Amino acid sequence: MLFTELNWTLNSPYPVLITLQLLPLAGALLMLALKDSLRLKQVGLLVAGVEMLLVIDMYRRYNHTTATMQFAERLDLFGPFAYHAAVDGISIVFMLLTALMCLLVAIYGIIRGLEPTSRFLSVLLGVEASLMAMFSTMNLMWFIVLSTAQLGLIGYMLWRWALSPEKDFALTRFYQFMGIGILLLLAGTVALGWNAAHITGQWSFDVFVLSQVPMLVGFQSVVFFLLFYGFTIRTPFFPLHGWLPLIAEHGNIAVAPALFIGIKIGVYALLRFVFPLVPDAIIQWHNYVVGFAVVGIFYAALLAMVQSDLRRLIAFAILSHTGIIVMGLFSLHHLAFQGAVLLSVTFGLAAATLSLMTGMIFRRTRTTRLDKLGGLFDHIPLIGITFFIAGLSIIGMPGTPGFDAVHLVLEASIVRFGGLVTIAAALGNVLAAGFLLWAFQRAFLGSTPEGATSANIEPARPSELLIAGLIVAVLLSTGFHITPLMDLIEMPLESISQLYPGGDAGHD
Amino acid sequence: MPDMIESIPILSLAILALLAGGLLIVLAPDHRTVRWVALTVAVLELVLTVIILVRFDAQLQGFQMVEKANWIPTLNIQYQVGVDGISILFLPLTAVLFLAVIIASWNMVRVMPRLYFGLLLLLEAAVMGIYLALDTMMFFLFWEMTLISFYFLISLWGIGPQRRFAAAKYTLYMLIGGVPLLFAFILLAINHADQTGMAIPAGLSFDYATLLATELPSGTGMVVFLLLLAGFAVKTPLFPLHTWLPVVSMEGPIAAATLMVGLKLGAYGLIRYAIPLAPEAAQQLHWLLVALAVAGILYGALAAMAQTNLRRMLAYSSISHVGLVVLGIASFNIQGIQGAVFQTLNFIIISGGAFLLTGFLYQRTGSTDFISLGGVARSMPLLTAFYFLFGIAGMGIPGTSGFPAEFLLLFSALKTHTGAGLAALVGVVIGAVYFLRIYRRAFLGAATSRVIVEAADLRKHELLIAAALALLILIAGFYPAIVLDVTRVASEDWIANLATASP
């Protein structure tokens with residue numbers, strides 16, 4: 001696959017990408033400096049809001065009729081570590097989601113009163129800067145380094161604003177898993193760079209260069225597994241998900257999961273750095289990956305059913321659905337690629353919504369144990385409805401963006417793997433519907449349990465309603481009008497699909 | 001001027017008005033206004049559907065007033081609505097039933113009326129969408145949209161202690177039923193690409209008219225038909241997939257139960273999608289349809305006889321009645337399909353009306369169990385009289401709209417599947433037996449409880465509902481041609497489509 005790019009001067013009067021990366025970084029530092037200022041919250045929200053507008057501006061300037069990377073910026077720093085940023089439709093979809101999510105989390109954190117506010121906003125904006133940088137860099141090594149820095153921040157967030165006494169243990173486990181992931185990624189990246197040096201005589205981690213360097217199939221397989229597991233540990237993907245339930249139960253409830261699980265970096269990275277680089281290995285191994293994905297869908301769905309804690313239940317729901325995304329990616333079919341990208345966005349947003357709503361519940365009940373919850377609908381109906389709609393998006397109910405996405409994945413998988421695998425995956429999906437519905441019913445509609453405090457539950461505040469309303473509006477409007485998103489990713493995915501022949505025509 | 005009026009996209013308007021009403025009702029300042037807004041929107045919808053009916057030309061073949069727009073162009077999924085002789089009459093009758101339900105809920109609903117009436121209007125929008133959709137994906141969208149409303153209506157305003165269980169059971173049944181439907185539609189779309197030799201996704205088609213004209217290989221056709229049958233059988237419901245209906249009729253609010261018993265969306269799905277889209281397989285598997293139908297007729301009738309509660313009894317009797325509709329469909333002749341459409345329309349006014357009356361009774365007595373009833377006729381003569389009318393209409397007594405429909409269905413069944421037709425006759429007789437028996441026990445005889453003696457008869461708004469529905473029953477009963485004339489051309493086309501594909 002041949003990467004091409006257009007310089008930023010062609011689409012835009014200012015260098016968009018560097019602005020997107022530096023603005024939140026500057027904001028983060030400013031937050032630390034402003035510490036006790038009264039205007040702190042407003043400035044934080046302002047930065048997140050302006051970032052959102054900048055991404056929208058970039059979306060408007062982006063030309064979606066071509067697969068060429070756009071808004072490219074280059075700066076030669078240290079040989080293979082040169083700064084090289086550019087985006088295509090796939091990156092923009094993820095950047096839109098990032099900006100939206102950070103804005104929502106900023107509002108949430110402020111109303112939730114996460115103290116000290118300056119530190120919270122600073123970490124949040126730092127994460128946003130790292131995400132924006134990851135979505136715009138073309139250099140795999142940059143990506144890994146940024147990823148490491150970001151994990152540090154996220155880990156801090158999980159730990160600093162958690163209430164569980166076991167949070168230290170959870171954090172250790174988190175870093176163990178993520179550390180292994182980073183090591184795998186580093187190994188894979190160095191292998192790629194070495195191969196480039198071996199053949200062209202020059203080290204490089206730039207995907208533009210790497211995609212042109214020939215690789216033996218055996219070597220591709222090694223790189224594939226290193227990168228695949230490195231990226232999917234954090235997605236998370238069965239069977240490397242051991243950190244997730246722990247973090248869900250003992251880590252911070254809403255903020256960190258929304259950022260970390262809501263934005264599926266792993267999926268993006270696979271599409272940007274793995275699928276274009278090692279196509280032969282992927283063709284060789286894709287059935288194996290799909291097998292794991294299908295098993296994972298069921299395994300997680302069944303485990304979700306026996307959970308007694310809302311947070312753990314949501315964690316397994318997410319794990320189950322990541323299986324569908326991975327299945328879509330490795331169907332190696334154009335429709336399924338589209339479906340997988342849309343699913344990552346939808347599930348991401350929906351999962352983040354579930355986390356945020358759970359956080360709002362926790363603020364009132366001080367517990368997320370399902371046997372201690374009940375009757376919440378009478379007090380906070382709109383939060384309940386938002387929870388419900390997010391659940392429906394995960395199930396893939398028509399009218400939510402999840403439907404279009406799941407539908408694409410299933411369609412491609414019928415063509416690729418036949419009815420049996422597809423029906424199995426769809427049933428896993430219905431299973432998911434079962435437990436989400438059950439949890440919703442338990443928490444919101446069930447009778448209030450003995451000794452629970454739900455009698456004096458505070459009604460939703462306007463700012464909470466703002467978050468809920470924004471999410472519902474985004475989910476439903478993209479659900480009924482998905483075309484703009486599909487247009488955005490059509491051409492970039494087309495060039496990936498061409499690496500996997502038979503994906504768009506060969507259904508016989 | 002006429003051009004301008006005709007250029008108004010009236011079908012989309014009929015859906016949009018309800019959607020907008022359902023969403024904007026949240027803004028109503030107080031509970032009183034909420035009810036009035038809901039009523040206004042429902043009346044407006046009735047007016048719109050009547051205008052559609054007036055503009056409809058029953059002599060034309062194919063779909064009329066079609067409106068198209070691109071929805072998801074890369075997959076060839078379109079927004080497309082239109083009506084033909086089969087779907088047209090469902091629109092005004094559904095509007096009438098929803099209007100009746102809204103009036104009947106006027107004083108019944110005290111908690112969260114905004115959400116309640118909003119959900120009812122959204123549900124009506126989804127039902128109208130089901131009748132109007134000409135794109136399989138759009139149909140599926142509306143089909144699943146009904147679930148959300150039903151789920152909340154049952155779980156939040158249900159009258160039984162097990163309402164949450166009922167809501168979850170209903171929703172899970174329907175979600176599982178949705179999976180085969182989605183698969184069938186995807187298979188049809190892929191088959192279209194195969195037949196035209198085009199690549200996916202360019203060759204996919206979800207357009208109803210295109211799919212009707214696309215050739216379907218026998219193997220795929222068989223799979224598609226079985227998937228569609230399974231999906232619609234859950235919703236109809238056909239024996240043995242019926243167990244959600246009695247539960248919901250007991251636990252759910254009267255409004256939801258009325259709509260589920262009245263709107264036989266599954267039967268509509270069989271007529272509109274399952275059989276025309278896989279005509280060859282449907283005709284080969286006629287025995288399966290007949291077997292399901294007969295089992296449903298007899299099982300429903302016998303189970304109805306064993307019930308001690310009016311609401312459960314109505315649920316089972318509706319399972320029995322819908323079996324007859326399926327038997328009519330399976331005869332694949334003009335009488336059968338005309339009768340099936342007629343009877344499905346009848347359900348809206350007859351079963352819907354009977355259930356609403358049961359609701360009125362429940363509101364007064366707090367129970368619909370026979371043990372606590374008896375002697376209702378003394379204190380509530382009007383209610384008793386109307387109940388009798390709806391009951392005999394359900395039995396198919398001449399003079400009511402049940403008669404022509406049932407006659408056509410039995411006639412067609414006896415012609416093609418004589419044994420099954422005779423079994424159906426037995427079912428009809430049992431139906432008469434259990435209705436009269438129950439009627440005598442619940443309504444006649446001496447009043448046993450003070451609640452019944454002191455209960456007031458139908459109030460004005462209740463009388464209005466009962467009288468309006470009764471009038472429709474009598475008009476269609478004495479002059480069935482007004483229904484049959486409208487459905488004739490479309491029914492002939494339906495048969496012709498089968499004939500071209502006969503095995």
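Guide: When the whole structure is searched, nine cavities of 30 Å³ or more are found. The model is a predicted one, in which local features need pLDDT of at least 70, side-chain atom pairs count only at pLDDT 80 or more, and totals for chains, interfaces and linings use all residues; side-chain values rest on heavy atoms, without hydrogens and water. Residues are numbered from 1 along each chain as its sequence is written, while chains are lettered from A and ligands numbered from 1 in the order in which they are written.

On a 1 Å grid over the protein atoms alone, a cavity is a set of points where a 1.4 Å probe fits but cannot get out, and a pocket is an open set with protein on both sides within 12 Å along at least five of seven lines; lining residues have an atom within 4 Å of a point. Points are joined across faces, edges and corners, and a volume is the space filled by probe spheres set on them.

The largest cavity holds about 260 Å³ of space. Of its 23 lining residues, S317(B), H321(B), I350(B), F390(B) and G394(B) lie nearest the centre. Two or more lining residues come from each of α15 (310-330), α16 (334-365), α18 (381-395) and α20 (418-443) of chain B; such helices (H or I, at least four residues) and strands (E, at least two) are DSSP runs, numbered from the N terminus. The element that gives the most is α16(B), with seven residues. By class, this lining has 13 nonpolar, 10 polar and no charged residues, where Ala, Val, Leu, Ile, Met, Phe, Trp, Tyr, Cys and Pro count as nonpolar, Asp, Glu, Lys and Arg as charged, and the others, Gly among them, as polar.

The second largest cavity has a volume of about 200 Å³, and both chains contribute to the residues nearest its centre, namely I395(A), G396(A), N429(A), V179(B) and L182(B). At least two lining residues each come from α16 (401-417) and α17 (419-445) of chain A and from α6 and α7 (163-196) of chain B. Its largest share, five residues, belongs to α7(B).

Next come the open spaces. The largest pocket has a volume of about 1400 Å³. Its lining is made of 49 residues, with I389(A), V472(A), L476(A), L23(B) and L122(B) nearest the centre. With eight residues, α5(B) gives the most. The lining comprises 37 nonpolar, 10 polar and two charged residues.

About 490 Å³ of space lies in the second largest pocket. Nearest its centre are L96(A), L100(A), V474(A), T478(A) and L485(A), and α18(A) provides the largest share of the lining, five residues.

As for the packing, the largest nonpolar core has 409 residues, and F275(A) and F330(A) have the most contacts inside it. Such a core is a set of buried Ala, Val, Leu, Ile, Met, Phe, Trp, Tyr and Cys residues joined through side-chain atoms within 4.5 Å. Apart from neighbours within four places in sequence, F275(A) is in contact (heavy atoms within 4.5 Å) with residues including F330(A), F337(A), I496(A) and Y500(A).

Charged pairs complete the view: there are 13 salt bridges over all chains, each a side-chain nitrogen of Lys or Arg within 4 Å of a carboxyl oxygen of Asp or Glu. One of them joins R364(A) and E464(A), at 2.6 Å from N to O. This pair links distant parts of the chain, since R364(A) is in helix α14 (residues 334-365) and E464(A) in helix α18 (residues 462-480) of chain A, 100 residues apart. Both ends are buried, R364(A) at 11% relative accessibility and E464(A) at 1%; buried means under 20% relative accessible area, exposed over 50%, and partly exposed in between (1.4 Å probe, protein chains only).

In chain B, D84(B) forms a salt bridge with R272(B), their closest N and O atoms being 2.7 Å apart. Because D84(B) lies in the loop between β2 (77-83) and α4 (90-104) and R272(B) in helix α12 (residues 265-277), the bridge ties together parts 188 residues apart in sequence. D84(B) is buried at 9%, and R272(B) is buried at 4%.
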